[in-house]
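Subject: Structure handover

Hello,

The structure is below, with notes on what was found in it. Please read the notes with the model open.

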Amino acid sequence: MTDSTSSSRARQTRIVHADPHLEPGFESFVTPVMRASTVVFPDLATVRAGDWRDDSQWRYGLHATPTSAALAQRIAAIEGGKQALLQPSGLSAISNVYFGIVKTGDDVLIPDNVYSPNREHGEWLAHDFGISVRYYDPLVGGGIADLIRPNTRLIWIESPGSVTMEVPDVRAIVAAARERHVVTAIDNTYSAGLAFRPLELGVDISVQAMTKYQSGGSDVLMGATITIDHELHLKLKRARMRMGIGVSVDDCSLVLRSLPSMKARFEAHDRTALGLARWLKARPEIAAVLHPALPDCPGHAEFMRDFTGAGGLFSVIFDERYSHAQIDAFVEALELFAIGWSWGGAYSLAMPYDVVSMRTASRWPHRGILVRFYTGLEDEADLRADIERAMKSALG
Ligand SMILES: *Cc1c(COP(=O)(O)O)cnc(C)c1O
């Protein structure tokens with residue numbers, strides 16, 4: 001039976017309309033989780049004065065709350081950007097760049113070693129949306145100028161390619177693009193924005209898969225587009241609004257928790273990866289080590305010029321005498337390296353790739369099989385022993 005006395009009705013309304021504001025005088029290090037779908041306005045004049053271009057206005061929970069805005073500001077600041085738009089995944093940030101910049105009839109240039117789902121996105125636009133998509137050799141450098149057409153709108157850069165590790169000459173590509181007024185967007189996930197600051201070299205948009213080092217927990221998916229230019233930011237912001245994209249403030253809170261330790265983690269991953277890469281280079285099973293800080297890696301000179309560190313990701317090419325079955329057995333024999341894609345967390349990973357099937361515009365020079373390693377936060381000597389044991393059991 002419903003209690004409908006007037007005092008009960010008043011109690012119910014008071015519960016609904018209880019003042020949500022916390023008492024002042026409480027402080028902690030934590031950015032509060034401010035959750036909202038509905039944003040409430042003080043009066044109608046404020047509603048009518050609303051302008052989606054103004055990042056300081058609160059309009060709708062999907063677009064921003066103080067929690068997500070705090071994270072966006074920090075992500076932008078890490079790599080010298082003025083503003084960032086948070087996205088539900090790294091791939092969603094890539095998609096936002098396409099839909100914010102490119103229209104039917106435009107031409108897009110993509111490096112041949114690009115993150116595979118970016119290539120897949122480009123193929124979709126080419127097939128269904130009347131956009132021309134072409135691939136270039138990641139080591140093209142200033143030669144990109146010869147590929148730019150009058151309708152070229154966007155040039156993607158990835159540095160280094162996250163499987164094959166070539167480091168492009170970003171300065172040369174940007175110089176050619178600027179001369180022809182073509183927008184450049186870089187997938188800067190590898191450096192987390194800590195070890196490489198492409199916006200300062202004139203790249204227009206930096207994309208981060210915050211799923212990786214920014215999260216650091218192997219549990220949150222998030223991405224960002226970071227810009228200096230405000231007009232460009234607004235183009236991306238409008239596309240993001242039109243697509244109805246936003247992020248969960250709970251996820252923001254998890255990333256905010258991880259962010260202060262990111263630099264220390266990145267440096268630890270970097271030390272372990274470089275130690276393992278040097279050790280692997282001397283092993284008889286390995287034909288080449290693709291780590292940008294080592295001279296074997298194409299683009300090593302550009303890496304030394306532009307980067308201050310490398311993080312935990314690198315690849316090796318096994319000697320061509322080993323079969324696919326043997327390399328698969330090696331990867332499966334590893335105990336501390338899990339089989340998985342999404343790096344950036346505390347756990348080491350290994351994955352074989354068939355590079356030839358991933359390329360269309362450049363020749364892959366290696367005959368042996370590529371395995372990508374990600375070094376987590378385990379002890380380096382234990383990781384080395386694990387690899388040595390797996391080599392012995394699978395490769396003889
Ligand atoms: C992981 C990754 C992405 C995509 O991030 P998601 O959050 O998994 O969508 C994009 N680019 C690179 C280089 C990545 O490693």
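A192 is not a glycine, yet its phi is positive, near 60°. It sits in the loop between β5 (183-187) and β6 (205-209). Helices (H or I, at least four residues) and strands (E, at least two) are DSSP runs, numbered from the N terminus.

This is a predicted model, in which local features need pLDDT of at least 70 and side-chain atom pairs count only at pLDDT 80 or more, while totals for chains, interfaces and linings use all residues. Residues are numbered from 1 along each chain as its sequence is written, and side-chain values use heavy atoms, with hydrogens and water left out.

Other backbone points

M165 also has a positive phi, about 70°, without being a glycine. M165 lies in the loop between β4 and α6 and is buried, at 0% relative accessibility. The loop between β4 (152-158) and α6 (170-179) also holds P160, and the peptide bond from S159 to P160 is cis, with omega about -15°. For context, most residues other than glycine have a negative phi, and most peptide bonds are trans.

Seven-stranded sheet

Seven strands make an open sheet of mixed pairing, in the order β1-β7-β6-β5-β4-β2-β3; two strands pair if DSSP finds at least two bridges between them. The edges are β1 (83-87) and β3 (132-136), and each has a single partner strand, so one side of each has no neighbour in the sheet. From one strand to the next the twist averages 20°. Axes are lines fitted to C-alpha atoms, for helices over the stretch in contact, and angles run from 0 to 180 degrees between N-to-C directions.

β1 pairs with β7 (residues 223-227) in the antiparallel sense over five bridges, and Q87 stands opposite G223 in β7. Helix α4 (residues 90-101) packs on the sheet and touches β1, β2 (107-111), β4, β5, β6 and β7, with its direction at about 155° to that of β6. Contact here means heavy atoms within 4.5 Å. Helix α5 (residues 116-128) lies across β2, β3 and β4 and runs at about 145° to β3.

Five-stranded sheet

A sheet of five strands is also open and mixed in pairing, with the order β8-β9-β12-β11-β10. At its edges stand β8 (286-290) and β10 (338-339), each with a single partner strand, so one side of each is left without a neighbour in the sheet. β10 pairs with β11 (residues 349-353) in the parallel sense over two bridges, and I339 stands opposite A350 in β11. Helix α9 (residues 262-281) lies across β8, β9 (313-318) and β12 (370-374), at about 10° to β9.

Ligand and cysteines

Which residues come nearest to the ligand? Of the 13 residues around it, they are G90, L91, D187, T211 and K212, where near means a heavy atom within 4 Å. Polar contacts are pairs of N or O atoms within 3.5 Å; within protein, one must be able to donate a hydrogen and the other to accept it, and residues adjacent in sequence count only if both atoms are side-chain atoms. A polar side-chain atom of D187 lies 2.6 Å from a ligand nitrogen atom. Ligand oxygen atoms lie 2.5 Å from a polar side-chain atom of K212 and 3.5 Å from one of W343.

The structure holds zero disulfides, a disulfide being a pair of cysteine sulfur atoms within 2.5 Å. C252 is buried at 0% relative accessible area, and C297 is buried at 3% relative accessibility.

Regards

Technical notes:
Buried < 20%, exposed > 50% of the residue type's maximum accessible area, 1.4 Å probe, protein only.
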